Amino acid sequence: MRVITGIARGRRLKEPQGLETRPTTDRVKEGIFSSIQFEIEGRRVLDLFGGTGQMGIEALSRGAAHCTFVDLRKEAVGIIRENLKLTGLEGQATVVQGDALAFLTRCREKYDVIFLDPPYASDLLKKAMETIPAIDIVTENGIIVCENGSTTGWPEVQPPYRLQKEYRYGKVRTALYRRLAGPPQP
């Protein structure tokens, strides 16, 4: 696992031991970032199911202004902090240990980019995609990038949010949702 490009290019990132964390492969990460490459610089990012922090770190390396990382597990939060230090990006980050859905319900910030990569077998992606539009924490024209296993469908969303594109990388699928300009619908 490495940072692909930007100011931390080529830096190897640490991974936790065991199978609780499933880091995004370099191939999938490259695909995601080539589809959003012009939407990163100067933006506020939320890496909601942080794991190793690699998605948010990649965004910071490519010029994002700030990234908030959230993960429930103490070990994952420690790895995220280590990886931020390894890349020299800790000054542009906030790391929160806690439940992702609880974080969303307390969230008072707006984000330009949100990464959602919860455990595939859980219903956390669906719940997060219900909560995010309901509290409307994505800026106008902001994006939500989701990752899941190839057999799982994508959650439905209400305007001004919409599913924009889907990608497949073997058994992994990603989706790009966008919050269109305008007020949320009642």
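A residue is called buried when its relative accessible area is under 20%, exposed when that area is over 50%, and partly exposed in between, as found with a 1.4 Å probe on protein chains only. By this scale Asp136 is buried, with a relative accessible area of 11%. The structure is a predicted model, in which local features need pLDDT of at least 70 and side-chain atom pairs count only at pLDDT 80 or more, while totals for chains, interfaces and linings use all residues. Residues are numbered from 1 along each chain as its sequence is written, and side-chain values use heavy atoms, with hydrogens and water left out.

Helices (H or I, at least four residues) and strands (E, at least two) are DSSP runs numbered from the N terminus, and two strands pair if DSSP finds at least two bridges between them. Seven strands make up an open sheet with mixed pairing, in the order S3-S2-S1-S4-S5-S7-S6. At its edges stand strand S3 (93-97) and strand S6 (161-169); each has a single partner strand, so one side of each lacks a neighbour in the sheet. From one strand to the next, the twist averages 15 degrees. In general, strands of a sheet pair through backbone hydrogen bonds, either parallel or antiparallel.

Both kinds of pairing can be followed here. Strands S1 and S4 pair in the parallel sense over three bridges, with Leu46 opposite Ile114 in S4. On to the next pair: S4 and strand S5 (residues 138-149) also run parallel, joined by five bridges, and Ile114 stands opposite Ile144 in S5. Six of the six residues of S4 are buried, so this strand is largely enclosed by the rest of the structure. Strands S6 and S7, by contrast, pair in the antiparallel sense over eight bridges, and Lys165 is found opposite Leu176 in S7. These two strands form a hairpin with two residues between them, and Gly170 in the turn has a positive phi of about 65 degrees.

Helix H2 (residues 54-61) packs on it, touching strand S1 (44-47), strand S2 (66-71), S3 and S4, where contact means heavy atoms within 4.5 Å. The direction of H2 makes about 175 degrees with that of S2; axes are lines fitted to C-alpha atoms, for helices over the stretch in contact, and angles run from 0 to 180 degrees between N-to-C directions.

Aromatic rings come next. Rings of Phe, Tyr and Trp (its six-membered ring) pair if their centres lie within 6.5 Å; planes under 30 degrees apart count as stacked, over 60 as edge-to-face and the rest as tilted. One aromatic pair is found in a search of the whole structure. The ring centres of Phe33 and Phe115 are 5.6 Å apart and the planes lie at 45 degrees, so the pair is tilted. Phe33 belongs to helix H1 (residues 26-36) and Phe115 to strand S4 (residues 111-116), so that distant parts of the chain, 82 residues apart, are linked. Phe33 and Phe115 are both buried.

Charged side chains complete the picture. Side chains of opposite charge can pair when their charged atoms come close. A salt bridge is a side-chain nitrogen of Lys or Arg within 4 Å of a carboxyl oxygen of Asp or Glu, and the whole structure holds 13 salt bridges. One of them joins Asp136 to Lys110, with the closest N and O atoms 3.6 Å apart. Asp136 lies in the loop between helix H5 (124-135) and S5, and Lys110 in the loop between helix H4 (100-106) and S4, so the pair ties together parts that are 26 residues apart in sequence. Lys110 is partly exposed, at a relative accessible area of 40%.

Asp136 also meets Arg179 in a salt bridge (2.8 Å, N to O). This pair links distant parts of the chain, 43 residues apart, with Arg179 in strand S7 and Asp136 in the loop between H5 and S5. Arg179 is buried at 4% relative accessibility. Elsewhere, Lys126 and Glu130 form a salt bridge (2.6 Å, N to O); these residues are four apart in helix H5, and are therefore separated by about one helical turn. Lys126 is partly exposed, with a relative accessible area of 48%, and Glu130 is partly exposed at 43%. Finally, a network of salt bridges links Arg2, Asp26, Lys29, Glu30, Glu58 and Arg62.
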